[in-house]
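Here are a few exercises to work through with the model open beside you. Try each task on your own before you read the solution.

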Amino acid sequence: MKLKITLLLAGCILGILANRNKEYLIDGQFLRNNLHLRKPVANKTEILNSKNVMILLTFGQSNAGNYGGGNYRTKHILYNYYRGNLYLADEPLLGTDGKGNSVWTRLGDMLIDSGICKRVIIIPFAIGGTSIQSWVSGEPRKKLDEILEYLREDGLKPTHILWQQGETDNVDRTTKEQYKNRLKQLIKIFRDNKLQAPFYTSITSYFPYNNENILGIDTNITQAQLEVTKEIYNVKEGPNTDQINLAYYRSDGVHMSEKGLEKLSLEWYKKMKNIDVKEIIAVMDELEKERGISKDYLVAALEEALVKAYKQNFD
C-alpha cells in the first residue's frame, strides 16, 4: 500500500515539474504515460524490419487520440510504437492523450483484413485541444521532435502520416491562409527529416460550441485543408470528419461514440486503399511519351496484376 501511495505522489510531483496542468494529473494521463505496466515485445527488430508492414504515424487533436467510446479489442496482432519500444497495441494506445478508445486499432484491423498488409505498427501522439500553430512552434512541436528522434534512432520510417485536426482552429477563428501556411510548415517538418510518406490530412473543423459557423463547420479550415492536398505533392485528402456529426456518432457532441469510431475507421480505410486514377494515367502518359510503351499494353498489364493480387488475397 505504501509503495502505491509513493508511486502516486511521485507521479504527481513529476507531473508538476513537467509543467502539466491539474487536469493532466487528475485524469491520470501522466500515470498512463509512465506507469502503464505494459511489456515491450522481445522481437522488436524483427518486426520493424519485416516485409509487408504498414507503419502509421497518427496525430492531431482529441479525435485522433484516445477519446472515443466503447471497449475495442483488436482482431489481429497490432503493434504500438512508444518511446523507442514496441508493444502489442491495446486501447488506450500509448503515446496519445485520453483514456478511451482510438480510431487507429480498428483501422489496423481493416488494413490486415483487406490483405493490403500483414502487420500494422501504430505511432500515435495526438494531444487534445491543440491548434495547428502549436504543432508548428508550441509544446506539441516538442513532442513531435521527440517522436522524430526516436524514429531516427531506430531507422524507422512511417509508410503513412495521418493528420486529423481542425476543431480548435475553428474556435480560434484561424483564417484560411493562416491554416494553409501552418499546414505547409507542418508538412515541411517531416520532409526536412527525410520522411517522404504520403501525408493525409482529414477534412476537419466541426465543433458545436464557441463559434458562430453554420452547423459548427468552418469552411475556411476545410477549404485550406483541401487546397493543400492539391498544391503539395504526396499530400492526400483524408476522410471528411465533419460529415460524421450526428448525435449517433458523437457521444458528447464532439468526441466519437463507438459507432462514430466504426464509421471514422471505415472512412480512413477507404481513403488509404483508394487508387488515384489520375496519378496512374499521368504515369502511363509519361511512359508512353518517354519510353514508347503503349498505354494499351500498360492497361493490360495492370489488369493482369490486379486479377493476380485479388486471387492471392481472396481465393
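**Getting started: strand β4**

β1 and β4 run parallel and pair over six bridges; two strands count as paired if DSSP finds at least two bridges between them. Helices (H or I, at least four residues) and strands (E, at least two) are DSSP runs, numbered from the N terminus. This is a predicted model, where local features need pLDDT of at least 70, side-chain atom pairs count only at pLDDT 80 or more, and totals for chains, interfaces and linings use all residues. Residues are numbered from 1 along each chain as its sequence is written, and side-chain values use heavy atoms, with hydrogens and water left out.

**Exercise 1. Work out what span helix α7 should have, and where its buried residues lie.**

Step 1: Helix α7 covers residues 139-154, which is 16 residues. The expected span is 1.5 Å times one less than the number of residues, so α7 should span 22 Å; its end C-alpha atoms are 24 Å apart, which agrees.

Step 2: List the buried residues of α7: Pro140, Lys143, Leu144, Ile147, Leu148 and Leu151. Down the helix axis they fall within an arc of 140 degrees, so they line one face of α7. That arc is taken from the directions from the helix axis to the C-beta atoms.

Step 3: Recall the general rule. An α-helix has 3.6 residues a turn, so residues three or four places apart point the same way.

Step 4: Look at the other side of α7, where Glu139, Lys142 and Glu153 are exposed.

Step 5: Ask what covers the buried residues of α7. The cover includes β1 (53-60), β2 (79-82), β4 (119-124), α6 (132-137) and α9 (176-192).

**Exercise 2. Describe the surroundings of strand β6 and follow the chain on to β7.**

Step 1: β6 spans residues 199-203, and five of the five are buried, so the strand is largely enclosed by the rest of the structure.

Step 2: Find the neighbours. β5 (residues 160-164) pairs with β6 in the parallel sense over three bridges, and Trp163 has Thr201 as its bridge partner in β6. Four bridges join β6 to β7 (residues 235-240), again parallel, and Ile203 stands opposite Asn240 in β7.

Step 3: Trace the chain from β6 through helix α10 (residues 219-231) to β7: this β-α-β crossover is right-handed. In other words, with the strands pointing away from the viewer, the path from the first strand over the helix to the second runs clockwise.

**Exercise 3. Is Arg250 buried or exposed?**

Step 1: Locate Arg250 in the loop between β7 and α11 (258-273).

Step 2: Arg250 has 4% relative accessibility, so it counts as buried.

Key
Buried < 20%, exposed > 50% of the residue type's maximum accessible area, 1.4 Å probe, protein only. Contact = heavy atoms within 4.5 Å.
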